[in-house]
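Please read the following report alongside the sequence and the model.

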Amino acid sequence: MKFDVLNPYSATVEETFTINDQQSIEARLTRASRYYEDAKQISFTNRARQLHAIATAFRENAEQLAETATQNMGKLLQESLQEVNAAANIADYYADKGPSALQPKDYQYQGDKRAKLTYTATGIVLAIEPWNFPYTQVMRVFAPNFLLGNPVLLKHAKIVAGCAAAFEQTVWQAQVEHGAFQNLFVTNEQIKNIIEDQRVQGVALTGSTKAGRIVASEAAQALTKTTLELGGNDAFIVLPGADIEQAAKDAATSRLRNSGQVCTSAKRLIVHKAVAEEFTLALMREFEARQMGDPMNTDTSLAPLASQEIQTTLQKQVDSAIQHGAHELIHGGIVENKIGNFFSPVLLTDIDEANPIFDEELFGPVGQIHVVESGAAAIKLANQSQYGLAGAVYSGSTERAKKVAQQLETGQVFINQPSNGYPELPFGGIKNSGYGREMSDLALFEFANQKIIAE
């Protein structure tokens, strides 16, 4: 069975790939298992050197990798280049900081008895990754597990199969044993069998809440540990005293980058009534300034959506919101009579709790403005969500912003800057946004055997 990768801008077929059969799946599992056994003899320091080589390979192939991402899922070429560099930075971070984080930790018990906590690999980690950040999402799982000694098998989204192949080839180019990282082009039915395999000791999924529930359930039956990074409906709070022009620019950048297809983008713009009019006008100017076009062209500032399915789903959500009382400050939507999955930015307001999209994730260039009476009302509305991934607070007082941030039910909060991912900071959510943490030192321990050796 084969499948095509379609270019979201030109609607042409970029590449065709073949689904792995059972024999090829078993060969990859066997190779990964063999690497796991061999890697036990390799020090963290030596694997750190290999990670630096992988980072170098990504930078050396940046243009080709970026073009593949743009052709596979449509993002702006400059955004693709930034993502390739970010993936290299993640590899460098774990090469630089990982070995020291994995040093044994001393414990004492029953008076003067001593013990050491050691960190060792556990086995194959299956990474099930989405299409919106086809390199960094994968590197966030691969780099810490490679350093630890866990081989990684990647089940990527089909629409970025070209990126999956390019990631694999770039890792292998760094003279890394092939068993350390391999692609799987498989169906959901095949994935279930892979999760049940005893050689697989961890599953890391980034995707929808629905996909998270399915995979977590299948992994639970096999007693296999999971980490889940799921959807978000992030709050972007603007309080009196904030730099309104900057807040509006940051809100637009956060909401519209990657054509709005970002789990941690600013989706619910919660604005104090004292600054609501000024902020709204500034935000409208930012939205209206975006130029749709060829994502390979540097003049383009808004790329097409990744697929027709995403485009159609988003339009249905916007239509439903308006039918249930939402007001359009900026009218947009599917761009008719134009090749490519283009979606003109939409800005909505007057969305109440009865509206079907009140707590739905809108994955595309659609913003929502909610005007509130007070800071307390902003906190209450921000927390009134099934999700808890990230958020931002803008205020003229850093201390006030910190107090608001402390009360938000979410995994990350950024002060006077839009939420983003950094290798040094833990990334992950609560509630229906999932569990577990990627990046930072915490990612090293998710699939580690934290073994205590007592004297």
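This is a predicted model: local features need pLDDT of at least 70, side-chain atom pairs count only at pLDDT 80 or more; totals for chains, interfaces and linings use all residues.

The protein chain is divided into domain 1, which takes in residues 2-230 together with 431-454, and domain 2, which runs over residues 235-415. Taken over C-alpha atoms, the centres of domain 1 and domain 2 are separated by 30 Å.

How many residues of each domain are in contact with the other? Domain 1 brings 24 residues into contact with 32 residues of domain 2. The size of an interface is often given as the accessible area lost when the parts come together. Between domain 1 and domain 2 the buried area is about 2200 Å², and carbon and sulfur atoms give 58% of that area. On the domain 1 side, the residues that lose the most area to domain 2 are Y9, L76 and K431, which together account for 28% of what that side buries.

Polar and charged contacts also join the two domains. The count between domain 1 and domain 2 is 12 residue pairs in polar contact, both residues being at pLDDT 80 or more. On the side of domain 1 that touches domain 2, helices α3 (62-73) and α4 (77-101) each supply at least two residues, and the residues of that side divide into 10 nonpolar, eight polar and six charged.

Side chains of opposite charge can pair when their charged atoms come close. The count for the model comes to 16 salt bridges, while the count between domain 1 and domain 2 is one salt bridge. Two of the pairs are set out below.

| Salt bridge | N to O distance |
|---|---|
| E409 and K431 | 3.0 Å |
| R59 and D92 | 2.9 Å |

Note on methods: Residues are numbered from 1 along each chain as its sequence is written. Side-chain values use heavy atoms; hydrogens and water are left out. Domain bounds come from an automatic or database domain assignment. Contact means heavy atoms within 4.5 Å. Buried area is the accessible area (1.4 Å probe) that two parts lose on being put together, summed over both. A salt bridge is a side-chain nitrogen of Lys or Arg within 4 Å of a carboxyl oxygen of Asp or Glu. A polar contact is a pair of N or O atoms within 3.5 Å; within protein, one must be able to donate a hydrogen and the other to accept it, and residues adjacent in sequence count only if both atoms are side-chain atoms. Helices (H or I, at least four residues) and strands (E, at least two) are DSSP runs, numbered from the N terminus. Ala, Val, Leu, Ile, Met, Phe, Trp, Tyr, Cys and Pro count as nonpolar, Asp, Glu, Lys and Arg as charged, and the others, Gly among them, as polar.
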